[in-house]
Amino acid sequence: MTLRLTGTTALVTGASSGLGTAYANEFARRGIDVVLVARREDRLKALAAQLSADFGVTATAIAADLAAPGSAAALRAEIDARGIRVGALVNNAGFGLHDDFLDADPARTAEMIDLNVAALVALTREFLPGMVAAGHGVVVNLGSTGSFQPCPSMAVYGATKAFVLSFTEAVAYEVRGQGVQVLAVCPGATATEFRAVSGLHADRMETGSQTPAQVVAETFRALDRGRTGSMVSGRRNKVLIALGRIAPRRLATAASARMLS
Ligand SMILES: NC(=O)c1ccc[n+]([C@@H]2O[C@H](COP(=O)([O-])OP(=O)(O)OC[C@H]3O[C@@H](n4cnc5c(N)ncnc54)[C@H](OP(=O)(O)O)[C@@H]3O)[C@@H](O)[C@H]2O)c1
């Protein structure tokens, strides 16, 4: 299977910073039009102008709070109204909270589930049918190395990413053989605004940190090879996840707690 996106548009959520900006940049570099979604409209507009100027693509900025109820359907309606056909969806918008479960603000915790899980599922449900009908398309869902084991002090975040991995691998299996690639990308520490937003100590995220461009390059290498299901980004992360999979669950949980403390 080769990546067939010409004539369609890539919808990237969380495009106002970090990995989302890097995904949007790579689609545009490949000559694919993009729709950029996040809450900070000024950043989206600046990125859209830059991508149009640099690569000659049509880049559309749509400001939306994807944690809000009904946001996926509203976004779909707006995209349809503009006559845009989405051939690639990157469900990248997401955030973490670094705190013990009982100390975290319950409203922020709920917002994290709404964004990391509910919006990702709803957007996949909105856009995947069109790709299956067309016989080609790509859905990339951002998981994490935290998808693979419990994450004490980021308990709900880790659980949302475990959901993303399980959901994505299952849907990838369901649509196999229909020309659509559905892939969970699981990065480890990556140099973005994530750590500041989540309240993670910088030094805990620094070791072995990847750049967004590295994660995106690995994603496209995998997509270009026809990969579906899931992938871990970064050699060091691949080794750690492989070890974690054979370790007793309690040991993997304790190791994860140490890394996140
Ligand atoms: N960085 C890491 O170490 C790491 C590791 C593993 C997985 N990930 C995952 O990678 C994805 C991207 O994160 P990142 O590292 O690039 O972090 P980031 O730089 O903080 O970017 C997060 C993006 O999500 C958007 N966003 C947040 N809340 C939103 C909302 N309610 N509605 C719409 N958009 C919203 C933000 O834009 P606005 O604030 O403008 O809305 C921003 O564009 C996330 O799913 C994260 O869990 C990151």
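Visitor: Which residues does F127 contact, once its neighbours within four places in sequence are left aside?
Guide: F127 is in contact with L11, R76, I79, V86 and L89, where contact means heavy atoms within 4.5 Å. The model is predicted: local features need pLDDT of at least 70, side-chain atom pairs count only at pLDDT 80 or more, and totals for chains, interfaces and linings use all residues. Residues are numbered from 1 along each chain as its sequence is written, and side-chain values use heavy atoms, with hydrogens and water left out.

Visitor: What makes a set of residues a nonpolar core, and which members touch the most others in the largest one?
Guide: The set must consist of buried Ala, Val, Leu, Ile, Met, Phe, Trp, Tyr and Cys residues joined through side-chain atoms within 4.5 Å; buried means under 20% relative accessible area, exposed over 50%, and partly exposed in between, with a 1.4 Å probe and protein chains only. The largest core has 37 residues, and L11, L75, I79, F127 and V182 touch the most other members. Two or more residues each come from strand 2 (33–38), helix 3 (71–81), strand 4 (86–91), helix 4 (106–134), helix 5 (155–174) and strand 6 (180–186). Helix 4 contributes the most, with eight residues. A second, separate core of 35 residues includes V34, L36, L47 and L183. In soluble globular proteins, nonpolar side chains tend to be buried together.

Visitor: What makes a stretch of chain a helix or a strand, and how many of each are there?
Guide: Helices (H or I, at least four residues) and strands (E, at least two) are DSSP runs numbered from the N terminus. The protein chain has ten helices and seven strands.

Visitor: Why is the protein chain called as compact as a globular protein of its length?
Guide: The globule rule is 2.2 Å times the number of residues to the power 0.38, and the radius of gyration is taken over C-alpha atoms. For 261 residues the rule gives 18 Å and the radius of gyration of the chain is 18 Å, so the chain is as compact as a globular protein of that length.

Visitor: How do you know that strand 5 and strand 6 are paired?
Guide: Two strands pair if DSSP finds at least two bridges between them. Strand 5 (residues 137–142) and strand 6 share six bridges in the parallel sense, and G137 stands opposite V180 in strand 6. The chain passes from strand 5 through helix 5 to strand 6 in a right-handed β-α-β crossover; the term applies if, with the strands pointing away from the viewer, the path from the first strand over the helix to the second runs clockwise. Strand 6 also pairs in the parallel sense with strand 7 (residues 229–232), over four bridges, with G229 as the bridge partner of L183.

Visitor: Why are strand 3 and strand 7 called edge strands?
Guide: The open sheet has seven strands in the order 3-2-1-4-5-6-7, with parallel pairing. Strand 3 (59–63) and strand 7 each have a single partner strand, so one side of each is left without a neighbour in the sheet. Neighbouring strands are turned by 20° against each other on average, direction ignored. Such angles run from 0 to 180 degrees between N-to-C directions, with axes as lines fitted to C-alpha atoms, for helices over the stretch in contact. Helix 5 lies across strand 5, strand 6 and strand 7, at about 160° to strand 6.

Visitor: How many residues of strand 6 are buried, and which ones point each way?
Guide: Seven of its seven residues are buried. V180, V182, A184 and C186 point one way, and Q181, L183 and V185 the other way. In a regular strand the side chains alternate between the two faces of the sheet.

Visitor: Why are C151 and I241 called buried?
Guide: C151 has a relative accessible area of 7% and is therefore buried. C151 lies in the loop between strand 5 and helix 5 and touches G146, G158, S256 and L260, residues up to four places away in sequence not counted. I241 has a relative accessible area of 6% and is therefore also buried. I241 belongs to helix 9 (residues 235–246), and its C-alpha atom is separated by 7.1 Å from that of F148, 93 residues apart along the chain.
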